[in-house]
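Dear colleague,

I am passing a structure on to you with this email, and I would be glad if you looked through it slowly. Below it you will find some notes on what turned up.

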Amino acid sequence: MKRILSILLAGFFLVSCGQSSENEVGHSSSEEHSEPASSSQAPSSVDAPDSVTYSLQSTFEDITFEEPLALVFHPEDHTPYVVERTGRIYRIENQEKELFIDLSTLVQADGQEQGLLGFAFDPNFATSQRFYVNYTEENQTHISRFLGEEELPINIETEEIILSFDQPYSNHNGGHLAFGPDDYLYIATGDGGSAGDPMYNAQRTDNLLGKILRIDVSSEEAYLNPEDNRKDEIFAYGFRNPWRFSFDNETGNLWVADVGQDSREEINIVENGRNYGWNIFEGTQDYDSEMMMDGTTYYGPIWEYDHTQGQSITGGYVYRGEQFPELYGMYLYGDFVSGTIWALETEDNQVVENHELLQTDLRIASFGEDPAGEIYVVDFSGVVYSLSR
């Protein structure tokens with residue numbers, strides 16, 4: 001059941017592009033690793049993932065959705081919410097869906113990578129009644145704040161657009177947003193689109209494209225920039241189209257899956273201020289190294305796979321549930337094109353093994369994690385699934 005990927009990376013690889021270095025990412029004579037976070041491994045008495053047969057079961061019985069992109073759980077009562085790309089968010093209760101908010105009149109969803117792309121509750125929603133969305137409109141991305149109300153659907157006139165930036169093309173909009181353990185709001189942005197990042201947005205720090213942004217939305221102001229950001233709103237940069245990120249509930253590590261261009265899909269453990277290489281590198285491969293900047297350090301992925309395995313990575317979660325002890329501490333992720341679901345086993349931020357869990361015919365648009373740490377799979381065709389044996 002195990003699929004051996006064609007490239008095995010055991011950790012972070014980097015290259016400093018200075019006068020004294022001619023190394024490429026993944027082929028450096030010197031390696032730099034992040035300070036290892038504490039790592040919890042599955043007990044030795046449990047079965048290995050490769051000896052277990054996994055399956056997917058429909059979570060919401062006969063409920064289907066139109067191009068769902070995300071599954072989010074309420075921070076207080078743990079009710080699930082499903083985000084549709086075309087602009088609607090539904091609350092699921094007692095196996096029935098209720099319209100929570102309808103943004104379809106605001107959202108432009110003409111291109112498949114456009115639409116309502118992200119949704120997050122304020123971690124203090126019980127008192128603030130705030131939630132946030134990320135959507136495209138004309139040639140812009142908007143990060144908006146709304147106020148929750150008792151009466152549904154939510155009145156869209158409560159919208160406050162707190163951050164907007166231009167999108168030169170319709171694709172590569174990123175779109176995920178989530179609150180980190182520091183209670184700051186993190187936002188994933190694509191490189192602006194087309195192919196190959198022709199405007200070199202991901203490597204520039206004078207715009208917000210190809211980045212992981214981090215902002216403080218705890219005050220009455222639209223937002224504040226944390227003082228320790230790389231620059232202004234920018235937390236980290238050098239991404240092509242980060243499609244789903246998550247925080248490990250135990251270590252706090254930020255896992256980012258970045259969709260590749262021609263040959264590589266990659267997974268990064270992202271740290272503040274770092275440059276993750278696109279479009280100088282695609283994964284660990286040279287893409288446009290002639291544009292390397294002296295004095296810049298480029299950080300490579302913890303894991304990558306080539307396009308014989310899949311062609312559009314979908315980021316997931318480090319498993320911290322109880323239902324599958326053999327997966328505890330592993331990063332579960334998938335691929336939109338191949339439908340494969342894997343579990344990446346690591347120790348001290350270095351890859352031990354990549355386990356293939358399932359081959360499916362799903363278009364895996366997203367994963368979900370409930371408050372108990374159990375994992376769900378969102379199929380772009382319209383169904384939400386639970387992982388089971």
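The lining of the second largest pocket in this predicted model is made up of 9 nonpolar, 8 polar and 3 charged residues. In the elements β22 and β26 you will find those that give two or more residues to this lining, and the pocket holds about 350 Å³ of space. Its lining has 20 residues in total, and Gln 112, Glu 113, Trp 243, Ser 312 and Phe 336 are the ones that lie nearest its centre.

The largest pocket, by comparison, has a space of about 810 Å³, and its lining counts 35 residues, with Phe 73, Ala 178, Phe 179, Asn 249 and Glu 369 nearest the centre. Sorted by class, this lining contains 19 nonpolar, 10 polar and 6 charged residues. Several strands supply at least two residues each, among them β3 (68–73) and β26 (364–369), while the largest share, 5 residues, comes from β7.

Arg 320 sits in the loop between β22 (313–318) and β23 (331–335), and it is classed as buried because its relative accessible area of 13% falls under the 20% cut-off. The side chain of Arg 320 makes a polar contact with the side chain of Asp 248, at 2.8 Å. Glu 138, in the loop between β8 (130–137) and β9 (140–147), is classed as exposed, because its relative accessible area is 54% and the cut-off is over 50%. Leaving aside residues up to four places away in sequence, Glu 138 touches Gln 108 and Gln 114; its C-alpha atom is separated by 9.5 Å from that of Leu 106, which is 32 residues away along the chain.

Finally, a word on confidence: the mean pLDDT of the protein chain is 89, and 88% of its residues reach 70 or more. Over residues 1–44, however, the pLDDT is below 50, although this stretch has 114 contacts in the model beyond near neighbours in sequence.

With best wishes

Notes:
Residues are numbered from 1 along each chain as its sequence is written. This is a predicted model: local features need pLDDT of at least 70, side-chain atom pairs count only at pLDDT 80 or more; totals for chains, interfaces and linings use all residues. Side-chain values use heavy atoms; hydrogens and water are left out. Helices (H or I, at least four residues) and strands (E, at least two) are DSSP runs, numbered from the N terminus. Buried means under 20% relative accessible area, exposed over 50%, partly exposed in between (1.4 Å probe, protein chains only). Contact means heavy atoms within 4.5 Å. pLDDT is the predictor's confidence in each residue, from 0 to 100. A polar contact is a pair of N or O atoms within 3.5 Å; within protein, one must be able to donate a hydrogen and the other to accept it, and residues adjacent in sequence count only if both atoms are side-chain atoms. On a 1 Å grid over the protein atoms alone, a cavity is a set of points where a 1.4 Å probe fits but cannot get out, and a pocket is an open set with protein on both sides within 12 Å along at least five of seven lines; lining residues have an atom within 4 Å of a point. Grid points are joined across faces, edges and corners, and a volume is the space filled by probe spheres set on the points. Ala, Val, Leu, Ile, Met, Phe, Trp, Tyr, Cys and Pro count as nonpolar, Asp, Glu, Lys and Arg as charged, and the others, Gly among them, as polar.
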